[in-house]
Amino acid sequence: MTPRTTETFVHEGLLYRGCADYLAGTVPFVRDGLDAGEPVLVAVPQPHVELISDELGGDAGQVRFLDMAKAGRNPNRIIPWVLRGFVDEFRGRPVRIIGEPIWPGRAPEEIPLCVQHEALINVALADAPAAVLCPYDANALDAGVLLYTGRTHPVLVEDGERRRHPGYADPYALVALLNLPLPEPTAPAAELTFDRLGLAGVRDLVGDRARRAGLAPRRVVDLQLAVNEIATNAVTHADGFGAVRVWQEGLRVLCEVRGPGELTDWMAGRLLPPPDSARGRGLLLANRLCDLVQTYVQPDAITTRLHMLI
Amino acid sequence: MLQRHGETPDTPVLELPRRAAEFAILSATGRPGLRLVGEVDCATRHILDAALETLCVDAGDVHLDLAELTFIDVGGATSLVLWASRLRQGCRMILHDPPYELRRIIDMLWGQPATIEVDPP
């Protein structure tokens, strides 16, 4: 195994067991970066931010920290705003990132999106001089989740050993494998069909239902904005009708748009277009504003489900 | 108009009419510029684009009164940002009293574009 370098893209999964193992796997990675004068980002859940920061002592001030449970609550947000954002900030300089998108306690419906996100990192940063290390709690995460680490990371680190993983899979093939039908709502849903002249009605319906569910006023507007973008895609990328439904499950409002169309690229909604581009920001904004964005693609239809926590 | 998809029994029937966005552009009162009234979405964006093209080509500072703009989508916000970038060198598009969603879209997707000024900040 060749030594780690940040001259080209490196994406490694770290399988750790306990605090000491976590620190042994992450802190030298950070220190090597600092010693080389590389910008370092540590995007992990807050308790792990504190763990790494304490261990680094005075050097912690040279590291950028982010609470991944917030920044990456919606996993689709991590590539554009956490990873690519950091890489682009330093324009071509080698950078190091610790990114921990999956932790014990992630809701079951979030896991496939996290795995898809991990796979697409290999596409999004393929040309970037970045080393990305992703810790996985081998004691607490389900075996099914851990199985995917080898499919999404070309290199795995375990017990201090780095090895190239033979199960590493083509990112797009893996993402397509996790393209699964969404479960039917568990509560009654309000539904409406629309065409391109009916989007105001869609916003009315979503606003009404979200307010009644108790979503805070600005979050209601965020949801209306997000739904409007998805609905716009449904009726402008292909002429015709879309259908929207809204319902509440526990402490979340869900809003689903189903419309004709085909997905041309799973990276859609995960990259910021150039500032002068007229297109390519609708799904991106939905990813930024919503707590989860699920997509199910069929040959002739796309279903997008937006989640907002109340 | 109302349809169900999927198998969800007990779906409440909604008495919501199909509603399209309504949008008009008027002259600003008390200063040169435009007053945007109503909602900008994919049904009305062409009205905004046509007005901005007339207003912004080779123009100096441009004022938009947005207090009566009740909705704008990402496409409409993109039009504002792109036309603002085509004003004469050193000139800006000033957005007066923009709705929360416009501030939100610009902030999330562009940060602070050099040629846009928001009033009040």
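Colleague: How many residues of domain 1 of chain A are in contact with domain 2 of chain A?

Modeller: In this predicted model, 16 residues of domain 1 of chain A are in contact with 14 residues of domain 2 of chain A. Two residues are in contact if their C-beta atoms, placed from the backbone, lie within 7 Å. Local features need pLDDT of at least 70, side-chain atom pairs count only at pLDDT 80 or more, and totals for chains, interfaces and linings use all residues. Residues are numbered from 1 along each chain as its sequence is written, while chains are lettered from A and ligands numbered from 1 in the order in which they are written.

Colleague: Which helices of chain A supply the side of domain 1 that touches domain 2?

Modeller: Helix H4 (78–89), helix H5 (111–124) and helix H7 (171–177) each supply at least two residues of that side. Helices are DSSP runs of H or I with at least four residues, strands are runs of E with at least two, and both are numbered from the N terminus.

Colleague: What makes H1(B) roughly parallel to H2(B)?

Modeller: The axes of helix H1 (residues 45–56) of chain B and helix H2 (residues 74–84) of chain B cross at roughly 5° and come within 10 Å. Axes are lines fitted to C-alpha atoms, for helices over the stretch in contact, with angles from 0 to 180 degrees between N-to-C directions. Angles under 35 degrees count as roughly parallel, over 145 as roughly antiparallel, 65 to 115 as roughly perpendicular and the rest as oblique; therefore H1(B) is roughly parallel to H2(B).

Colleague: Which residues of H1(B) and H2(B) meet?

Modeller: From H1(B), Arg45(B), Leu48(B), Asp49(B), Leu52(B) and Cys56(B) meet Gly75(B), Gly76(B), Ser79(B) and Trp83(B) of H2(B).

Colleague: Why is H2(B) described as largely enclosed by the rest of the structure?

Modeller: The description applies because 10 of the 11 residues of H2(B) are buried. A residue is buried if 20 or more other C-beta atoms lie within 10 Å of its own, exposed if 12 or fewer, and partly exposed in between. Among the buried residues are Val74(B), Leu80(B) and Trp83(B).

Colleague: Why is Cys42(B) called buried?

Modeller: Cys42(B) has 20 other C-beta atoms within 10 Å, so this residue is buried. Cys42(B) is found in the loop between strand S2 (34–40) and H1 of chain B.

Colleague: Which residues does Cys42(B) touch?

Modeller: Not counting residues up to four places away in sequence, Cys42(B) touches Arg196(A), Leu199(A), Thr232(A), Thr236(A), Asp73(B) and Gly75(B).
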